[in-house]
Amino acid sequence: ELRLSNGTGPCSGRVEVKHNEKWGTVCDGDWTREDAEVVCKQLRCGYAVQALNQAAFGEGSGPTWLYRVDCRGDEPALWNCSHTGWGVFTCPHYFDTGVICSGFSMLQLTGGDTVCSGQLKVKQEETWAAVCFSQINFPTASVICNELECGQAVDIMRGTHFGDRHELIWQEDFHCVGNESQLAHCPRMLSHSKTCSHDATVVCSGETW
């Protein structure tokens, strides 16, 4: 088993693996994007945005299960990459690895008057999830418009009322600063509000400057 701990959601954090019924960490001074890519893919968390070491998400506990992992990037699981063996080296937790995954692979604006306006949806694994009005702010809209090559953000509006709609709802709030190149690079936190009254409609200027 594999999980990410101490991050902002299920798709970022310290890399932890379960072996012999016990959770432990991965220690690596040379943790690369290829290594992180395998973790993100295995967890169905999109692609790797950052590969981090030196306990970027805090020091873990328990055994150091994997040491010096060397992945090509296309392995089905982290333990299929070359490594020194399970638990053969006890490493200080200061070298615990972490990853930030994109968490989703694509975004789109649907049902608007133009291709550069509409209801915001992000792709979570194989399905599209609607984003709530309460989960985004204006800097986030700026990043979305920029990523879609739709110019500047003009407005964020409360979209249609959710009511009894049975569609997947995105579970995290976006906290973009506004200068990120992609929505996937923005910090995210799990939403405290369990209800989503309206979806988010984003309006971009439609012109690239």
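In which strand is Asn6 found? Asn6 belongs to strand 1, which covers residues 2–6. Before I continue, please note that the model under discussion is predicted.

Let me begin with the backbone. Asn6 is not a glycine, and yet its phi is positive, at about 70 degrees. The relative accessibility of Asn6 is 58%, so this residue counts as exposed. A positive phi also occurs at Gln54, again a residue other than glycine, with a value near 55 degrees. Gln54 is located in the loop that runs between strand 4 (48–52) and strand 5 (64–67). Because its relative accessibility is 41%, Gln54 counts as partly exposed.

I turn now to the aromatic residues. The structure contains five aromatic pairs. One of them joins Tyr94 and Phe95 in an edge-to-face arrangement, with 5.2 Å centre to centre and 75 degrees between the planes. Tyr94 has a relative accessible area of 40% and is therefore partly exposed; Phe95, at 28% relative accessibility, is likewise partly exposed.

Trp170 and Phe174 form a stacked pair, 5.9 Å centre to centre, with 5 degrees between the planes. Are these two residues buried or exposed? Trp170 counts as buried, at 3% relative accessibility, and Phe174 is buried with a relative accessible area of 2%. The cut-off applied here is that buried means under 20% relative accessible area.

Further aromatic residues come together as a group: Trp65, Trp79 and Trp86 make up one aromatic cluster.

Finally, I would draw attention to a charge placed over a ring. Arg3 lies over the face of Trp23, 3.9 Å from the ring centre.

Terms used
Residues numbered from 1 in each chain as written. Predicted model: local features only at pLDDT ≥ 70, side-chain atom pairs only at ≥ 80, totals over all residues. Heavy atoms only, no water. Helix = DSSP H or I, 4+ residues; strand = E, 2+ residues; numbered from the N terminus. Buried < 20%, exposed > 50% of the residue type's maximum accessible area, 1.4 Å probe, protein only. Phe/Tyr/Trp six-rings, centres within 6.5 Å; stacked < 30°, edge-to-face > 60°. Lys NZ or Arg CZ within 6 Å of the ring centre and 35° of its normal.
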